[in-house]
Amino acid sequence: MALLVAENLSVGYQTQKGYLHAVEGVSFSLGAGKSLGFVGESGCGKTTLGMALMRLLPPNGMIRQGRIFFDGEDLLQKTDEEMRQVRWKKIAMIFQAAMNALNPVHRIIDQIAEAILTHDPLCDKEEAYEQVRGLFQLVGLPQDRMRDYPHQYSGGMKQRAVIAMALACQPKLIIADEPTTALDVLVQDQILQETKNLQKEFGISIIYISHDISIVADVCHDVGIMYAGQLVEYGAREEIFDSPRHPYTKALLSSYPTLTGEKNRLVPIPGETPNLIHPPLGCRFCDRCSRGSVSCRTETPVWIEISPRHKTLCD
Amino acid sequence: MELWRYISRRLIQIVVIFFVILTVLFLLFRLAPGDPVSRMVDPNLTPEDAELLIKELGLDQPLWMQYLYYLKNFFTGHFGNSFHYGQPVVQIIWDRLPNTILLFTTSIILSALVGIFLGKIASWHKGEKTDTCMTLGALITHTVFLPWMALIMIWVFAYRLGWFPITGMISEEIWLDPEAGLWRKVLDVLHHMILPLTTLFLIHFGSYLLIMRSSMLDTLKEDYILTGRAKGLTEKVIRDHHAAPNAALPVVTSVGLSLAFSINGGALTETVFTWPGIGRELVFSVSHNDYPLAQASFLLIAIVVLLSNLVVDILYAYLDPRIRY
Amino acid sequence: MMTVTTVNTDIELSERFHWIGRLLEGWSIYRKSLLGKIGLTLLLLFALMALCSFIPPWADPMYHPMTGVDPEISYSVGPSMRHWLGTDFMGRDILSQLLAGAKIAFMVGVSAAFMSVFLGTAIGMIAGYTGRFTDSLLMRLADMIMVMPALLVLLMLAALFGQLSIWFIVLFIALFRWPGVSRVIRAQTLSLKHRPFIEAARVAGASHLRIIFRHIMPNVLPLSFLYMTFQVTSAIIIEAALAFLGFGDPGTVSWGMMLQWVWKTGHMFRAPYWLLPPGICISLITLSFYMLGRAMDEVLDPRLRKEGETD
């Protein structure tokens, strides 16, 4: 039984210019202890997807259709109060640009302890502080810096603190949204490796959201390629990388340099993303696709199953 | 520790500014049109006494010597005698100082706290009736002309309704009564203080409310608020514990920046309500050409403003850990 | 060489006409703001009052605000057909005083605001652009002035120089208020200093003065205008407070002075027709300038605009 199953999820935002279809008909499943990565350029809806899973959308955001089954329960049926209890305790989040994810006027230890105390009313402050000590050790942060304020930490340290905070209530799932984007490459790599270790040790499922396909390739078992709000290809990491099918996936892979393999020219993808307030009927990648045909523009693409663990919207 | 270095740096700045003010005042008094001697020496003194005073204040010496005398007199507390009261100026302003501090400090603290509290609430209910009422109320009260509002307050509440005394800080009968207890005296002062305090409060709380409101709205967009929601915290905890402490910081800054404006208001209020403070003394002494008293009152007010600035800066440093560490 | 000059001219042209577009766009946004509309209406009303101030004395010398005395009334009396707002303690018409006060308010407000903004903008631009020592010095000076309570300093000056003339008051208000403006302009200049078009101008050989006045100033002016509205209110209030305390220009009739008279002649409890109008006027003009400023703020800062407006 998969830990998380999303069925035909559609999410959008009400804007002054109209309704923006940010995520259309996305379905996927994630098993316990596994990691799933969502890759796509900015505006493809991956962050919206992450927010929707935790029902953390802004006031003008709404989940139009679909279901989210977590641990057997439909999250969309829960009341706000019930959802509050799910958040962090069952599903935690590591945000994009963790630079400002921590409150500048409170100490790090208090912010992490707050998460623990909110979800465990029987716990007292001292016990919570003990747990924070353990978390610090886990993520490799020095114990004597627990009482510091966020501005005293470096970028890498802040990211580790945010990870520690996410682990505080021992969630079953962590959604990591571009957690290493703003960090320099060395620190990025360190954190990725530590994330992998933590996952193995605690059996936490991770959803990794990134625009950087190389990171996802490193960390995730399964990969979902997103474009213009839709999932265009989805499957096991090896299958996607070894035999990408969707033109966008192929274009994405060839726009990134590799250390091994042939020395090819990097090919950027021409054109711009489509307007999501009035999305096109047919394939959304059509205008930028080298293989686009008239039928692509008018027919709604359907899923083609390449193998039990690999499906794509276009072959 | 960072905080001490910050405080000492500010203290030095204040001392420098004060010296500049002191010097400028000295120059103004000596160089303004008219006879500088008549400004320092009571015209009612006999010629012999006047001679003595002139010698004492060094008024017959060259300018730079006068400056040294001036500084020496300042540091030894010799401001001369008030032309009007005939008493040493130091005595008079020393008596007045606590009254001003009482009114001024209470009004600022009250308007800041209430402004922050109501601004927070207004931001929660943005766009609703509560918010519109509060914002409109704040806008209207803080644009009303202060002395006029003071007059209206007296007219309505003291004269027509008779709830409060028209002038002063104390009722002489109570304070002269040997049997009156401390509690009665305190209540008496409070009774006299309500109208001037309310006037000052109404004028000032509005701007703090508006600043807090917009500050809260900005703060609620910050990333760490989203973190709070993701952590499963209740809205109340997010607003009060996470947003408000951050949103209050610009209000504190604003209190500091508007201290000069506040003391103007304080002086006007004291004058209209005949509250015996230094502000009123300054206005009074200027109207009566009582130069020694005017000079000393002005200098004391300058000290009060500068020290208040320091207090606000320290408060800000205390509230914002990014400054302290 | 040729190419660089062409580039510069192109940049200059687009900047020159850019501001017209921005002005029109700004106006359309301003029009939508309720506060802006109310503020503007009130201000036009006051402007009308100021313009009409010459009518009563021209109609009949008895209506002159300072010297006009009703031969039949030499004390304060309530509103009547002859005197729509009544008379003051000397029998002078209150309405004509009120109109004259509007004239003074605008004069003081606008002149002081203009001067302080002029000074503040110039100093702010110079401080921001030159940096280092000059910047430090100017900002220290600004800090010192900002700490001083303008009203009380003016009081001291009144003590030393006797009665202050209205222009002296205006000048001093400007000298006290420029620091606030200069800080903001300096911040703006600092952010503009490193923009590409400034670099381009420097490379093309423009002198510093030219850069400041031709390139930085137009981009900084909208902010200056915004601050002018706030400066007008504080100038009016300072003059009114000064006059209220009895230190205004005795040759002018301002609203503050009217309040001084009603207070000092002991009429505050029995002449509401005299007590209320000047206070209401001062408060309303302050309110209307504030509303104007808020609406202009919305024009200048896109973040403040309400939903439903185009960017």
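In chain C of this predicted model, confidence is lowest in helix H1 (residues 2-32), at a mean pLDDT of 62, and highest in helix H10(C), at 94; pLDDT is the predictor's confidence in each residue, from 0 to 100. The model as a whole scores ipTM 0.89 and pTM 0.87. Because the model is predicted, local features need pLDDT of at least 70 and side-chain atom pairs count only at pLDDT 80 or more, while totals for chains, interfaces and linings use all residues. Residues are numbered from 1 along each chain as its sequence is written, and chains are lettered from A and ligands numbered from 1 in the order in which they are written.

**Confidence in chain C**

- Chain C has a mean pLDDT of 84, with 90% of its residues reaching 70 or more.
- Over residues 306-311 of chain C, pLDDT stays under 50, and the model has 5 contacts there beyond four places in sequence. Two residues are in contact if their C-beta atoms, placed from the backbone, lie within 7 Å.

**Chain A: overall form**

- Chain A has 10 helices and 12 strands. Helices (H or I, at least four residues) and strands (E, at least two) are DSSP runs, numbered from the N terminus.
- The radius of gyration of chain A is 20 Å, close to the 20 Å from the globule rule for 315 residues, so chain A is as compact as a globular protein of that length. The radius is taken over C-alpha atoms, and the rule is 2.2 Å times the number of residues to the power 0.38.
- Along the principal axes, the C-alpha atoms of chain A fill a box of roughly 65 × 50 × 40 Å.
- Among the 315 residues of chain A, 43% count as buried. A residue is buried if 20 or more other C-beta atoms lie within 10 Å of its own, exposed if 12 or fewer, and partly exposed in between, with C-beta atoms placed from the backbone.
- Of the contacts in chain A with a separation of 6 or more, 64% are between residues 24 or more positions apart.

**Chain A: the sheet**

- Chain A contains an open sheet of 8 strands with mixed pairing, in the order S6-S7-S8-S3-S9-S10-S12-S11. Two strands pair if DSSP finds at least two bridges between them.
- Strands S6 (91-94) and S11 (304-307) of chain A stand at the edges with a single partner strand each, so one side of each is left without a neighbour in the sheet.
- From one strand to the next, the twist averages 20°. Axes are lines fitted to C-alpha atoms, for helices over the stretch in contact, and angles run from 0 to 180 degrees between N-to-C directions.
- Helix H5 (residues 155-167) of chain A packs on the sheet, where it touches S6 and strand S7 (173-177), and its direction makes about 175° with that of S6(A).
- Strands S9 (residues 222-227) and S10 (residues 230-236) of chain A pair in the antiparallel sense over 6 bridges; Gly224(A) has Tyr234(A) in S10(A) as its bridge partner.
- S11(A) and strand S12 (residues 310-312) of chain A run antiparallel and are joined by 3 bridges. A hairpin connects S11(A) to S12(A) through 2 residues, and Glu305(A) stands opposite Lys311(A) in S12(A).

**Chain B**

- Chain B has 15 helices and 0 strands.
- Its C-alpha atoms fill a box of roughly 85 × 55 × 40 Å along the principal axes.
- Of the 325 residues of chain B, 40% count as buried.
- Residues 24 or more positions apart account for 70% of the chain B contacts with a separation of 6 or more.

**Contact between chains A and B**

- This contact takes 22 residues from chain A and 17 residues from chain B.
- On the side of chain A that touches chain B, helix H2 (80-86) and helix H3 (108-119) are the elements giving two or more residues, and H3(A) provides the largest share, 4 residues.
- The residues of that side of chain A divide into 11 nonpolar, 7 polar and 4 charged. Ala, Val, Leu, Ile, Met, Phe, Trp, Tyr, Cys and Pro count as nonpolar, Asp, Glu, Lys and Arg as charged, and the others, Gly among them, as polar.

**Contact between chains C and B**

- Here 31 residues come from chain C and 33 residues from chain B.
- Helices H5 (132-147), H6 (150-161), H9 (208-245), H10 (255-264) and H11 (272-300) of chain C each supply at least two residues of the side that touches chain B; the largest share, 9 residues, comes from H6(C).
- That side of chain C comprises 27 nonpolar, 4 polar and no charged residues.

**Arg92 of chain C**

- Arg92(C) lies in the loop between helix H3 (55-59) and helix H4 (94-130) of chain C.
- Arg92(C) counts as buried because it has 24 C-beta neighbours inside 10 Å.
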